[in-house]
Amino acid sequence: MRNETLAWAVISAVVLYLVWLVVRPVISPILLALTIAYVTYPFHEGLSEKIGRRKSAFLLASILAVLSFLFLLGFVLWINDVKYQIVRYMEIFFSWLQSVTVSSPKVNEVLTAITEGVSTRIEAYITSYTYSIPKLTLEIFVMLFVYYGALINAEEIRKELYALLPPHRKEFGVRLIEAAKYTLDTLLKSWLTLSAIKGAFTALGFWAFGIAQVSGAIALGILTVFIELLPLIGGWLVWVPGVVYLVRSSHIALALIFVIYSVVFISPFPDLFLAPKMTIKRKGLNALISLLGIFGGLWAFGLVGIIIGPVSLGLLATVIEEWKSSVE
């Protein structure tokens, strides 16, 4: 019996290793597709009641395909300029942060290291795709197929996931799943969604009001998303310099309109009126854990780390609680 168990363990390990080798090159688009499917599933359910499950999934997948194509087109046209602008804006932001913090050599050293590390990481990550457009195209196709399949088979996937839980530890497994769902709901359906909306309006505003070119506006939108993830800091930190630029350019009336636009669509109106209507409020997730998870995950896994990091820390908290209860 022992030899048989050992043999099955070895066979299982080999199979899992081979599966990992197959999946590893496309793990990012798979995770991204599952994340988008999780966020859009409530829309899919409502739409399925009107036009049917498969038609709803096909329609949402088609919309995602169009958006992905536009992203790919923009990626090819503006990737280098956007990369340069993001790095430049982040260097300006951290330089400003150093000027307003307590004048401590150690604090400044830490901020300098963060500036250099984040800039290098972003540049390396984007450069890895710059000369590999076919790879990016393949990943988009994988993402679309996984997204469509996830919507169609969502209920079956959920049943299989719960069926895999060992009977003697099923309660603990359910708590792990619920912890992951809670983190995803808090992170995706409120925090990141609201940040992405603000980032989109930031990019649109800076381009429409003639403050920045397309690449610069996109970079500012991306920067707004990341700044919105930081506690006590909001999108106002991005749009206020835009107002100053318009005022210095003697466009006072345009600056006033831009202020109204920014207050309504970027900050603080969305926080006051849109955030409370989200499924789960931002305060439901510990800010420090979220921050560590988001930026640690980003550093370790790239863009998908924004999801992997907080979920991993949320699962760790559940495991620690289980261990404490078992010890007691």
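Start with E155 and R158, whose side chains form a salt bridge, with 2.8 Å from N to O. Please keep in mind throughout that this is a predicted model. Side chains of opposite charge can pair when their charged atoms come close. How many salt bridges does the structure hold? It holds one, so named because a side-chain nitrogen of Lys or Arg lies within 4 Å of a carboxyl oxygen of Asp or Glu. Both partners, E155 and R158, sit in helix 6, which covers residues 154-163. They are three residues apart, about one turn of the helix.

Now to the neighbour of helix 6. Helix 5 packs on helix 6 at an angle of about 75°, and the two axes are 4 Å apart. That angle makes helix 5 roughly perpendicular to helix 6. Which residues meet there? From helix 5 they are A150, L151 and I152, and from helix 6 they are A154, E156 and I157. By type, this contact has five nonpolar residues, no polar ones and one charged.

Helix 5, residues 133-152, also packs against helix 2, residues 27-51. Here the angle is about 40° and the axes are 8 Å apart. Helix 2 and helix 5 are therefore oblique to each other. Their crossing is right-handed.

A word on annotation. The unreviewed UniProt entry lists several stretches under "transmembrane region", among them residues 30-47 and 136-154. In the model, residues 30-47 are 100% helix and 0% strand, with the end C-alpha atoms 23 Å apart. For residues 136-154 the figures are 95% helix and 0% strand, and there the end C-alpha atoms are 26 Å apart.

Next, helix 9 and helix 10. Are they parallel or antiparallel? They pack at an angle of about 170°, with axes 8 Å apart, and are therefore roughly antiparallel to each other. On helix 9 the residues in contact are W239, G242, V243, L246 and V247. They meet I252, L254, A255, F258, V259, S262 and V263 of helix 10. The tally for this contact is 10 nonpolar, two polar and no charged.

Last, two points about the backbone. Most residues other than glycine have a negative phi, and most peptide bonds are trans. S250 is not a glycine, yet its phi is positive, about 65°. Where is S250? It lies in the loop between helix 9, residues 236-248, and helix 10. The other point is the peptide bond joining S267 and P268, which is cis, with omega about 10°. P268 is in the loop that runs between helix 10, residues 252-265, and helix 11, residues 269-274.

To recap, E155 and R158 form a salt bridge, helix 5 packs with helix 6 and with helix 2, and helix 9 packs with helix 10. I'll stop there.

Methods. Residues numbered from 1 in each chain as written. Predicted model: local features only at pLDDT ≥ 70, side-chain atom pairs only at ≥ 80, totals over all residues. Heavy atoms only, no water. Axes fitted to C-alpha atoms, helices over the stretch in contact; angles between N-to-C directions. Helix = DSSP H or I, 4+ residues; strand = E, 2+ residues; numbered from the N terminus. Parallel < 35°, antiparallel > 145°, perpendicular 65-115°, else oblique. Left-handed = near helix turned anticlockwise from the far one by under 90°. UniProt positions renumbered as here; feature names shortened; annotations may be inferred. Contact = heavy atoms within 4.5 Å. Nonpolar A, V, L, I, M, F, W, Y, C, P; charged D, E, K, R; others polar.
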